[in-house]
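Look at the sequence and the structure below.

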Amino acid sequence: METMKALVWKEKGKVELCDRPMPKIVDPRDAIVRVTRASICSSDLHIIHGTVPRAKEGVVLGHEFVGEVVEAGSAVRRFKPGDRVAVNVESFCGECFFCKRGYVNNCVEGGWELGCRINGGQAEYVRVPTADQSFTRIPEGVSDEDALFVGDVLATGYWAAQIGEIAPASTALVLGAGPTGLCTMMSARLYSPAKIIAVDVSDERLALAKAKGLCDVTLNPKRDDVLCAVRALTEGRGADRVFEVAGAKNTFELAWQAARPNAVVVVVALYAEAQSIPLQLMYGKNLTFKTGGVDANSCGDIMKLVETKQLDTSLMITHRAPLNDILTGYDIFGNQKDGCIKWVVTPYERN
Ligand SMILES: [Zn+2]
Ligand SMILES: [Zn+2]
């Protein structure tokens, strides 16, 4: 095959399923992956809408995918053709100042590259840089779909819960019950908070989170006074830990308002515009803000937790269709139609 199918971001507001050249190894640390499952992520929508400054027009989208290694460069040590792998959203060298400290998002030669600055995984094949660091082996008992989110949304939720420093018996407030919010809740559970409070405008998403045991209390701002309710649930103090995963102006405000004094507020969301922090109003509240994006440096641990079912993202897969139908996927996922949480892309079908 000389060419393959791939979803290309043409310019602001425009994507197209195109024929593109088959990817080739360009650096000895690269590997080529045949994509077996990919997903559409809200960051893809941000790119299309032109709100990701680092994204490059003409790039193949897709940064959340799994597949089979079909070719490995001469410097790849840990992986060989035939291996099933989950791919990390971040490409990183493993050796620079930031990588050595686990801050792989700021690797001097990487960070979020795939499906943003270099061609990504909403395609039949993809070149993945720094394969030894980028790949997480998928164990035999784990399906491709169970591993699909390890490198991106699940890595993000896991990282958020980790930097949130959740103490046992505390109260964690999660704003947003979309894919990243759900992953944040299930990762927060690992730290045994007494209560996880989920907030979303979709009753459907809240009901799912509750039914699957990811949260204990659900609040819908369309109906509930969230601030009052959170205070009532915390003896008037506010939440010990707040995770802002929704990414709107009102949710950013709610995040610091609903936090108790000395809380940690983890801002995971990617905003389309500037937010303001009114320090004069929060003086004396002594908050700690921690901001995104994810340092996806724990994918090995996450895969073990997936293998042992302590993290299970299968509840998020609501839709599944071949690469042929990906534009329909963008419409349904992007507009949250038909109860869509995650749209999974299966390989392109030629008849
Ligand atoms: Zn993503
Ligand atoms: Zn590095």
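The report below moves from the domains to the core, the sheets and some single residues.

## Two domains

This is a predicted model. The protein is divided into domain 1 (3-151 + 296-346) and domain 2 (155-291). Their centres, taken over C-alpha atoms, are separated by 27 Å.

The two domains touch. Domain 1 gives 20 residues to the contact, and domain 2 gives 15 residues. On the side of domain 1, helix H1 (42-48) and helix H11 (299-307) are the elements that give two or more residues. H1 supplies the largest share of that side, with 3 residues. By class, that side of domain 1 has 10 nonpolar, 9 polar and 1 charged residues.

## The nonpolar core

The largest nonpolar core holds 105 residues. Within this core, Leu173 and Val174 touch the most other members. Helix H5 (residues 153-163) contributes the largest share, 7 residues. The core draws at least three residues from each of domain 1 and domain 2.

What does Leu173 contact, leaving aside its neighbours within four places in sequence? The partners are Ile197, Val199, Val230, Ala239, Val242, Phe243 and Ala258.

## A parallel sheet of six strands

An open sheet of 6 strands has the order S12-S11-S10-S13-S14-S15. The pairing is parallel. Strand S12 (217-219) and strand S15 (288-291) stand at the edges. Each has a single partner strand, so one side of each is left without a neighbour in the sheet. From one strand to the next, the twist averages 20 degrees.

Take one pair as an example. S14 and S15 pair in the parallel sense over 4 bridges. Thr291 in S15 is the bridge partner of Val267.

## Helices that pack on it

Helix H8 (226-233) lies across S10, strand S11 (195-199), S12 and S13. H8 runs at about 175 degrees to S11.

Which residues of helix H9 (residues 249-257) are buried? They are Thr251, Phe252, Leu254, Ala255 and Trp256. These buried residues pack against strand S10 (171-175), H8, strand S13 (239-244), strand S14 (259-267) and helix H10 (279-282). An α-helix has 3.6 residues a turn, so residues three or four places apart point the same way.

## Strand S17 and its partners

Strand S17 (residues 342-346) is mostly covered, with 4 of its 5 residues buried. Strand S3 (residues 31-39) pairs with S17 in the antiparallel sense over 2 bridges. There, Ser39 stands opposite Val344 in S17.

S16 and S17 run parallel and are joined by 5 bridges. Pro322 has Thr346 in S17 as its bridge partner.

Thr313 sits in the loop between H11 and strand S16 (317-322). Is Thr313 buried or exposed? Thr313 is buried, because 22 other C-beta atoms lie within 10 Å, and 20 or more are needed to count as buried. Leaving aside neighbours within four places in sequence, Thr313 is in contact with Phe149, Leu154 and Cys183. Thr313 and Ala269 are 44 residues apart along the chain, and their C-alpha atoms are separated by 19 Å.

Asp301 lies in helix H11. Asp301 counts as partly exposed because it has 14 C-beta neighbours inside 10 Å. Asp301 and Leu214 are 87 residues apart in sequence and 20 Å apart in space, C-alpha to C-alpha.

Most residues other than glycine have a negative phi, and most peptide bonds are trans. Some places here depart from that.

Ala169 is not a glycine, but has a positive phi of about 70 degrees. Ala169 lies in the loop between H5 and S10. Ala169 counts as exposed because it has 11 C-beta neighbours inside 10 Å. Asp338, also not a glycine, has a positive phi of about 60 degrees. Asp338 is in the loop between helix H12 (326-334) and S17. With 11 C-beta neighbours inside 10 Å, Asp338 counts as exposed.

Which two residues does a cis peptide bond join? They are Gly292 and Gly293, and omega is about 0 degrees. Gly293 is found in the loop between S15 and H11.

Terms used. Residues numbered from 1 in each chain as written. Chains lettered and ligands numbered in written order. Predicted model: local features only at pLDDT ≥ 70, side-chain atom pairs only at ≥ 80, totals over all residues. Core = buried A, V, L, I, M, F, W, Y, C linked by C-beta atoms within 7 Å. Buried ≥ 20, exposed ≤ 12 C-beta atoms within 10 Å, placed from the backbone. Domains from an automatic or database assignment. Contact = placed C-beta atoms within 7 Å. Nonpolar A, V, L, I, M, F, W, Y, C, P; charged D, E, K, R; others polar. Pairing = 2+ DSSP bridges. Axes fitted to C-alpha atoms, helices over the stretch in contact; angles between N-to-C directions.
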